[in-house]
Amino acid sequence: MGNRNNVTEFILLGLTQSLGGQKVLFVAFLLIYIVTLVGNLLIVVTIRASQSLGGSPMYFFLAYLSFIDAVYYTIASKVIVDLLYEKQTISFHACMIQVFMGHFFAGAEVILLVVMAYDRYVAICKPLHYLIVMNRRVCVLMLLVAWTGGFLHSLVQFLFIYQLPFCGPNVIDNFLCDMYPLLKLACASTYLIGLSIMANGGAICTAIFFILLLSYGVILHSLKTHGLEGNRKAFYTCASHMAVVILFFVPCIFLYASPNSTFPIDEVMTMVLTFITPMLNPLIYTLRNAEMKNAMRKLWSKYVALVGRELYSSCRT
């Protein structure tokens, strides 16, 4: 344990060693950051401001999913700032915080995606009991389970990595701190810890991924009993949910399903999980969602009308 103090900071190799490449990535990631933050916060504000959407369990969970994506991406924004510097470093404690917060929000999102799949199952397969089963109390309880589960998952991962001794080297072959790259730097045997991390991460991700695919398969099969219009609407809803599930779980499985091992593709998968998935989620959920688009139009109309009244009042005075 005492040897760990020999390492006070880690050097991140990042995505590229070229200064020109770093500038290109900085511009690209900054644009992605703006789109992600605006898109996810717009979904949160729209759902909160809309009376019709705010009372729906599906949109209740969607608002918190967007909140998680927005907050996690804000935490990961250090990656963008680091691209401005030739040498990218992170302190030991900041690295540990990054690991904890990343797995906390990722763990909460995993459970939230399961909850959203259950919500769609009840809505489509048991529509007459939907509002009874998915009442507000149940929704809040499920949300608390998601946050608690994410915290416990992250705490276990954090304790695994924090108690390891780090006495050098301190170079992480990635653009952020994560479990397996840190295990490679530990001055101790990490095989059993690697298996434990895989069980708490990769194995759970893999099992939940296939359970979710099976669940949506059951939901899609049950759509045959619905009318054409309801069938189409439910299909697009489930398709958007499945797209988000695939975008999230496939990189997760690639990163954490192998015990104590890293691969060249890991950086690409980490980039997809950190940057691409949070950016695409708002587009996926709103592209074919007429209710969300109508609510956004109403919100925009109210905003324009409010600004117009303020300008008119200021001109008269």
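1. Contact here means heavy atoms within 4.5 Å. The model under discussion is predicted. On that basis, V110, L113, V114, M116, A117, R120, Y121, I124 and C125 of α5 meet a set of α10 residues made up of I208, L212, Y216, V218, I219 and S222. By class, the residues of this contact between α5 and α10 comprise 13 nonpolar, 1 polar and 1 charged.

2. The geometry of this pair is as follows. The axes of α5 and α10 come within 10 Å and cross at roughly 15 degrees. Angles under 35 degrees count as roughly parallel, and α5 and α10 are therefore roughly parallel to each other. Their crossing is left-handed.

3. Helix α5 also packs against α3, at an angle of about 160 degrees and with the two axes 10 Å apart. That angle makes α3 roughly antiparallel to α5. The crossing of α3 past α5 is again described by its hand, which is left-handed.

4. The α3 side of this contact consists of P57, M58, F61, L62, Y64, L65, I68, D69, V71, Y72 and I75, while α5 contributes M101, G102, F105, A108, E109, L112, L113, V115, M116, D119 and R120. The contact of α3 with α5 divides by class into 17 nonpolar, 1 polar and 4 charged residues. Among the α5 residues, L113, M116 and R120 are listed in the contact with α3, and L113, M116 and R120 are likewise listed in the contact with α10.

5. A further helix pair is formed by α1 (residues 19-49) and α12 (residues 266-287), whose axes come within 9 Å and cross at roughly 45 degrees. This makes α1 oblique to α12. The crossing in which α1 passes α12 is left-handed.

6. Which residues of α1 and α12 meet? From α1 they are F29, I32, V35, T36, G39, N40 and I43, and from α12 they are M271, F275, I276, P278, M279, P282 and T286. The residues of this contact of α1 with α12 fall into 10 nonpolar and 4 polar, with no charged residue.

7. The largest cavity has a volume of about 60 Å³. Its lining has 10 residues, and D178, Y180, P181, L255 and D266 are the closest to its centre. Two or more lining residues come from each of α8 (179-183), α11 (228-256) and α12.

8. Helix α8 gives the most to the lining of the largest cavity, with 3 residues. By class, this lining has 5 nonpolar, 3 polar and 2 charged residues.

9. The second largest pocket has a volume of about 530 Å³. Its lining contains 37 residues, and G102, H103, A106, G107 and F248 lie nearest its centre. At least two lining residues are supplied by each of α3 (57-75), α5 (92-125), α7 (136-162), α10 (202-222), α11 and α12.

10. Which helix provides the largest share of the lining of the second largest pocket? The answer is α5, with 10 residues. The lining as a whole has 21 nonpolar, 13 polar and 3 charged residues.

Methods. Residues are numbered from 1 along each chain as its sequence is written. This is a predicted model: local features need pLDDT of at least 70, side-chain atom pairs count only at pLDDT 80 or more; totals for chains, interfaces and linings use all residues. Side-chain values use heavy atoms; hydrogens and water are left out. Axes are lines fitted to C-alpha atoms, for helices over the stretch in contact, and angles run from 0 to 180 degrees between N-to-C directions. Helices (H or I, at least four residues) and strands (E, at least two) are DSSP runs, numbered from the N terminus. Angles under 35 degrees count as roughly parallel, over 145 as roughly antiparallel, 65 to 115 as roughly perpendicular and the rest as oblique. A crossing is left-handed if the near helix is turned anticlockwise from the far one by less than a right angle, and right-handed if clockwise. Ala, Val, Leu, Ile, Met, Phe, Trp, Tyr, Cys and Pro count as nonpolar, Asp, Glu, Lys and Arg as charged, and the others, Gly among them, as polar. On a 1 Å grid over the protein atoms alone, a cavity is a set of points where a 1.4 Å probe fits but cannot get out, and a pocket is an open set with protein on both sides within 12 Å along at least five of seven lines; lining residues have an atom within 4 Å of a point. Grid points are joined across faces, edges and corners, and a volume is the space filled by probe spheres set on the points.
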